[in-house]
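Subject: Handing over the model

Hi,

Here is the structure I said I would pass on.

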Amino acid sequence: MTDDELSKLPAYRWMPSRIPLRDALTTFVADAPEPEPIIAEMSSRCRETVWFQVEGGHRVLFLYDGGVFDQSRFILEPKVWDYDECAICGERIPSMTLCHVTQPKQPYFLLCEQCYDRHVRAHAKINSDLISAGGCNSIGVKLDVRAGLVCSFAPWRF
Ligand SMILES: [Zn+2]
């Protein structure tokens, strides 16, 4: 995640979450110099994949997105996906562990408790302190508590 992306995190609306076990498409991929086109395609379509080394190749899990798939090549296994990863530190968060996700209709981010504290909650507290000190909290408001209660409202209404 870039510094720019990190700096935008406190502006999103967040909610606590516990990600349940999720469904995955699974398949066996034999060792080969190049991935089969169908595997490459599924890898780019699904947000996440996990490759487990097994005899002669890999057992591969694709986090299932609910779309159609080739049933001769993939098996839909309910509730085999048992973790998620923090978008900042990459730590694996076991299913049903408290974490924080952005609310719907925003870019999706999932953070572990520690990263949420450090990158969202810490900044949100500063923002709410400023707002309560200045008493201005609308779009188009500039707030400068160093200069006292300076509120310059935008000349237009949203
Ligand atoms: Zn984290």
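This is a predicted model: local features need pLDDT of at least 70, side-chain atom pairs count only at pLDDT 80 or more; totals for chains, interfaces and linings use all residues.

Two things about the ground rules. Residues are numbered from 1 along each chain as its sequence is written.

Sheets first. Helices (H or I, at least four residues) and strands (E, at least two) are DSSP runs, numbered from the N terminus. Two strands pair if DSSP finds at least two bridges between them. In general, strands of a sheet pair through backbone hydrogen bonds, either parallel or antiparallel.

S3 and S4 (residues 57-63) run antiparallel and are joined by six bridges. If you want a spot to look at, Gln53 has His58 in S4 as its bridge partner.

Another open sheet has three strands, in the order S1-S8-S9, and the pairing is antiparallel. Here S1 and S9 (110-111) are the edge strands, each pairing on one side only. Five bridges hold S1 to S8 (residues 98-102), and Ser17 stands opposite Cys99 in S8. Two bridges join S8 to S9, with His100 opposite Leu111 in S9.

How many of the five residues of S1 (residues 14-18) are buried? The count is zero, and the strand is hardly covered. Buried here means that 20 or more other C-beta atoms lie within 10 Å of a residue's own; exposed means 12 or fewer, and partly exposed is in between, with C-beta atoms placed from the backbone.

Now the cores. A nonpolar core is a set of buried Ala, Val, Leu, Ile, Met, Phe, Trp, Tyr and Cys residues joined through C-beta atoms within 7 Å. The largest one has twelve residues, among them Leu9, Ile88, Cys99, Val101, Phe109 and Tyr116. S8 and helix H3 (113-134) each supply at least two of its residues, and H3 gives the most, with three. A second, separate core has eight residues, including Leu25, Met42, Phe62 and Tyr64.

Leaving out residues up to four places away in sequence, Cys99 touches Ser17, Ile19, Ile93, Leu110, Leu111, Cys112 and Glu113; contact means C-beta atoms, placed from the backbone, that lie within 7 Å.

Finally, some single residues. Most residues other than glycine have a negative phi. Lys79, which is not a glycine, has a positive phi of about 55 degrees. Lys79 is in strand S5 (residues 75-81) and counts as exposed because it has 11 C-beta neighbours inside 10 Å. Met96 also has a positive phi, near 70 degrees. Met96 is in the loop between S7 (92-94) and S8, and it counts as exposed because it has 12 C-beta neighbours inside 10 Å.

Cheers

Conventions
Two residues are in contact if their C-beta atoms, placed from the backbone, lie within 7 Å.
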